[in-house]
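This briefing covers the fold, the strand order, the aromatic contacts and one surface patch of a protein. Please look over the sequence and structure before reading on.

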Amino acid sequence: MSYGSDFVLTLFTNNPELARAGNAAGINRIGLDLERMGKEYRQEAKKAWISDHQIFELEAVRDQLTQSALFARTNPIYAGSRDEINYLIDQGVTVLMLPMFRTVKEAATFIEFVDGRAFVSLLVETAAAAIRLHEIIKLPGIGEIHFGLNDMYLDMKLANHFEVLTSGFLDRLTDIASTAGVPYGFAGIGRPNDSRLPIPSDLIYAQYPRLGATRALVARVFYTPDFHALNLAHEVNAARDMLDHWHQAGTDQQAAALELLRTKVAEWVA
């Protein structure tokens with residue numbers, strides 16, 4: 001079984017043109033990032049991108065998809081969560097992601113509201129959720145775990161998101177998910193060999209097979225500054241080939257890539 005061709009890629013977009021291009025390029029899931037509650041407070045100081053996607057844009061994205069699954073990241077659990085989830089499922093969303101939860105109860109409530117009608121992705125991006133992953137992972141109805149490095153490093157008061165990846169902390173979390181037999185992924189990928197990136201993307205790609213991850217988000221840098229100027233199918237295939245390369249490279253080369261990644265991150269921070 002080819003690792004790269006089976007790797008699950010998820011694209012956030014409210015742009016119908018990009019959704020159509022992503023669908024044709026073989027991106028597995030495409031849809032909206034509707035998370036808004038509390039995000040400006042958490043991320044404003046770091047000048048992080050905050051989604052401006054609106055729920056009414058879902059139909060235009062959905063209409064572009066012939067092979068990609070329709071996806072949405074919801075708000076964290078709140079009083080209107082049941083209605084939000086019901087609406088999204090009624091609109092044809094088949095993969096739903098819960099962000100910024102901290103307790104087993106919040107995750108269980110989300111799964112209860114989905115009620116088997118969509119694939120459940122739990123976004124572990126808080127220190128509390130990470131610490132409680134041993135219990136969270138036991139909940140029936142989890143389709144996958146995604147580890148969000150940006151919010152996690154902010155929540156843990158670390159220097160940057162690479163510290164979560166290179167410190168060994170993410171290794172322990174992925175071990176929990178792997179032992180439970182729950183598929184998992186983390187962070188997002190940029191294009192291979194993109195010279196604009198502060199850290200070589202191939203060193204990030206190497207971490208996916210090293211950690212046994214089988215899925216990732218498509219980072220915004222993947223299709224910027226102008227996706228019209230890209231052959232998106234070619235870029236997606238190149239990403240899958242890079243994942244295959246590191247999967248076939250073996251543990252020694254993957255470990256060496258981790259050490260080089262640590263060196264590059266230290267240089268970048270300095």
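Helices (H or I, at least four residues) and strands (E, at least two) are DSSP runs, numbered from the N terminus. On that basis the protein has 15 helices and 9 strands. The model is predicted, so local features need pLDDT of at least 70 and side-chain atom pairs count only at pLDDT 80 or more, while totals for chains, interfaces and linings use all residues. Residues are numbered from 1 along each chain as its sequence is written, and side-chain values use heavy atoms, with hydrogens and water left out.

**Overall dimensions**

- The radius of gyration is 18 Å, close to the 18 Å that the globule rule gives for 270 residues, so the protein is as compact as a globular protein of that length. The radius is taken over C-alpha atoms, and the rule is 2.2 Å times the number of residues to the power 0.38.
- Along the principal axes, the C-alpha atoms fill a box of roughly 50 × 40 × 40 Å.
- Of the 270 residues, 52% are buried. Buried means under 20% relative accessible area, exposed over 50%, and partly exposed in between (1.4 Å probe, protein chains only).

**Sheet**

- The 9 strands of an open sheet pair in parallel, in the order β7-β6-β5-β4-β3-β2-β1-β9-β8. Two strands pair if DSSP finds at least two bridges between them.
- β7 and β8 (188–189) are the edge strands with a single partner each, so one side of each has no neighbour in the sheet.
- Strands β2 (residues 29–33) and β3 (residues 69–73) run parallel and are joined by 5 bridges. Asp 33 has Arg 73 in β3 as its bridge partner.

**Aromatic pairs**

- Rings of Phe, Tyr and Trp (its six-membered ring) pair if their centres lie within 6.5 Å; planes under 30 degrees apart count as stacked, over 60 as edge-to-face and the rest as tilted. This rule gives 6 aromatic pairs.
- Phe 7 and Tyr 208 are edge-to-face, because their ring centres are 5.5 Å apart and their planes stand at 90°. Phe 7 lies in the loop between α1 (3–6) and β1 (8–12) and Tyr 208 in helix α13 (residues 207–211), so the pair ties together parts 201 residues apart in sequence. Both Phe 7 and Tyr 208 are buried.
- Phe 186 and Tyr 208 are stacked, at 4.1 Å centre to centre with 5° between the planes. Phe 186 is in strand β7 (residues 184–186), and Phe 186 is buried, as is Tyr 208.
- Ring pairs link Tyr 3, Phe 7, Phe 186 and Tyr 208 into a cluster.
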